[in-house]
Amino acid sequence: MTKRHGFAVLSALVALVIAVSAGIYLTVAADDGTSRGTLAAGRPHHGSNAAPASTGTWVGAWATAPVGGEPGTEATGLAGHSVRNVVHASAGGTSARITLSNLYGQSPLTITHATLALAAGDGTAAADAETMRRLSFNGSTSVVIPAGGQAVSDAVRVTVPHGGDVLVTTYSPTPSGPVTYHPHARQISYVAAGDRTEDPTGTPYTEQTTYWRYLTALDVLSNEAAGTVVVFGDSITDGITSTIGTNRRWPDVLAGRLRSALENGQQLPRYSVVNEGISGNQVLADGLGRPAENQSGLGRFGRDALSRTNVKVVVIDLGVNDILRNRRLADPDRILTGLRTLVRQAHARGLKVVGATLMPFQGHRGYTPAREAVRQQVNAQIRAGGVYDAVVDFDKALRDPYDPRRLRAEYDSGDHLHPSDLGFARMAEVFDLRALEGAGQAEL
């Protein structure tokens with residue numbers, strides 16, 4: 001072998017090693033370690049976008065809690081219809097995946113077609129056609145979700161901007177009910193007859209709804225967020241009195257405030273924010289049915305908070321319905337014991353817990369002086385530091401300074417319990433962003 005030939009062989013071997021190394025690097029691109037299926041037979045449309053090749057961290061961009069089975073869908077579900085959910089991303093990313101739930105279904109749910117796309121604008125079912133991605137589940141474009149179960153899609157490459165609206169569309173051809181839903185979305189979503197899953201125009205989507213159906217999470221592979229904040233609460237967190245379609249729930253405003261602070265150079269945790277509020281939710285009591293609709297905070301905490309993608313901090317604003325919906329006088333010690341149980345579960349995962357004081361409700365139909373006394377007792381313990389790692393005092397921030405048993409007029413939606421848009425903004429404003437720093441205490 002000549003010296004020149006030897007150098008040529010060596011150069012070829014070096015090139016081969018570099019190529020193999022690059023392939024290995026792309027295969028192990030950063031992730032949170034969650035197990036998901038890989039693409040195989042039945043490669044979806046836009047196959048070149050089917051698997052993330054960029055680095056980053058998987059975080060929750062949006063989430064909601066499954067509440068119950070939708071009335072009127074018990075027999076056939078939404079067979080033969082395309083459901084186009086509209087959700088608002090609190091963090092941006094370069095890849096995305098979704099979670100679908102059949103928690104309240106009584107039979108398997110068959111999804112034969114699912115897509116994800118960016119909305120073409122605000123308040124529309126139309127999609128940006130260039131961003132339309134067909135979703136797969138373990139490599140297949142269809143999935144059967146057993147009753148009580150859920151399914152996570154494979155990741156697709158798509159640039160999701162923070163603050164952008166995302167359309168997630170599913171089609172089910174066969175009867176399956178009831179439909180698992182979140183009734184108080186405060187967002188308009190859409191339904192079309194037939195399989196219109198990849199229709200970008202939005203024209204067939206003639207039915208509007210204020211429900212989110214099947215969809216419970218949107219995750220993104222993000223370079224701007226390194227973890228997720230889960231806000232866990234009741235109708236106040238759900239934003240039941242916020243203006244529809246404007247993303248003025250207080251967790252939405254908090255997400256925007258945190259993002260702005262980071263963009264302005266403040267040294268704060270880079271977190272997304274997801275909303276796990278359920279209207280009417282209680283710490284202790286379940287709703288009716290099996291599985292229970294509007295499951296108690298204690299019952300759903302593992303599913304709706306601890307199991308969210310890359311969760312780092314949980315914010316809890318829960319307890320007022322335990323006072324208002326108890327036919328007898330609620331026991332403040334039982335409420336506090338329930339809240340402390342949630343905190344212990346979060347601490348066992350190394351998570352920090354920020355808790356909120358309960359806001360006033362004089363003037364609401366459920367108000368009595370005895371219930372007010374229970375609220376004051378719960379708040380006293382929260383403020384004393386014996387419940388949470390850190391406290392945000394919503395009571396102090398929104399109460400009427402001249403009558404602290406009431407909400408201040410401009411923060412009152414009118415029902416004397418739920419805040420107005422201005423009240424939700426005030427809640428996010430008084431939240432100390434530095435409370436998101438650090439981990440949970442070992443013991444309170």
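What you are viewing is a predicted model, in which local features need pLDDT of at least 70 and side-chain atom pairs count only at pLDDT 80 or more, while totals for chains, interfaces and linings use all residues. Residues are numbered from 1 along each chain as its sequence is written, and side-chain values use heavy atoms, with hydrogens and water left out.

Back to that first pair. The axes of helix α4 (residues 297-306) and α6 come within 10 Å and cross at roughly 30 degrees; axes here are lines fitted to C-alpha atoms, for helices over the stretch in contact, and angles run from 0 to 180 degrees between N-to-C directions. The two helices, α4 and α6, are therefore roughly parallel to each other (angles under 35 degrees count as roughly parallel, over 145 as roughly antiparallel, 65 to 115 as roughly perpendicular and the rest as oblique). On the α4 side, Gly297, Leu298, Phe301 and Leu306 meet Gly338, Thr341, Leu342, Gln345 and Ala346 of α6, where contact means heavy atoms within 4.5 Å.

The protein has nine helices and 23 strands; helices (H or I, at least four residues) and strands (E, at least two) are DSSP runs, numbered from the N terminus. Of its 444 residues, 53% count as buried, and buried means under 20% relative accessible area, exposed over 50%, and partly exposed in between (1.4 Å probe, protein chains only). Among contacts between residues at least 6 apart in sequence, 81% join residues at least 24 apart.

Now follow α6 itself. Its 17 residues should span 24 Å at 1.5 Å a residue, and its end C-alpha atoms are 24 Å apart, which agrees (the expected span is 1.5 Å times one less than the number of residues). Among the buried residues of α6 are Ile335, Leu336, Leu339, Leu342 and Val343. The cover over the buried residues of α6 includes β17 (227-233), α4, β19, α5, β20 and α7.

That list leads us on to α7. The axes of α6 and α7 come within 9 Å and cross at roughly 40 degrees, and these helices are therefore oblique to each other. The contact is made by Pro332, Ile335, Leu336 and Arg340 of α6 and Val374, Gln377, Val378 and Gln381 of α7. Which residues of α7 are buried? They are Arg371, Glu372, Val374, Arg375, Val378, Asn379 and Ile382. Seen down the axis of α7, its buried residues fall within an arc of 155 degrees, so they line one face of the helix; the arc is that of the directions from the helix axis to the C-beta atoms. An α-helix has 3.6 residues a turn, so residues three or four places apart point the same way. After α7 comes Gly385, with a positive phi near 85 degrees.

Another pairing waits further along the chain. Helices α3 and α9 pack at an angle of about 45 degrees, with their axes 8 Å apart. That makes α3 oblique to α9, and α3 passes α9 in a right-handed crossing. Here Trp250, Val253, Leu254 and Arg257 in α3 meet Phe424, Ala425, Met427, Ala428 and Glu429 in α9. Within α9 (residues 421-430), Asp421, Gly423, Phe424, Met427 and Ala428 are buried. Viewed down the axis of α9, its buried residues fall within an arc of 165 degrees, so they line one face of the helix.

The loops deserve a stop too. Between α4 and β19 you will find Arg308, which is buried, with a relative accessible area of 13%. Arg308 and Glu276 are 32 residues apart in sequence and 9.9 Å apart in space, C-alpha to C-alpha. The loop between α4 and β19 also holds Asn310, which has a positive phi of about 55 degrees although Asn310 is not a glycine. In the loop between β23 and α9 sits His416, whose phi is positive, about 65 degrees, although His416 is not a glycine.

Finally, look at two prolines. A cis peptide bond joins Gly177 and Pro178, with omega about -10 degrees, and a cis peptide bond joins Arg290 and Pro291, with omega about -5 degrees. Pro178 lies in the loop between β11 (165-172) and β12 (180-182), while Pro291 is in the loop between β18 (271-277) and α4.

Key: Left-handed = near helix turned anticlockwise from the far one by under 90°.
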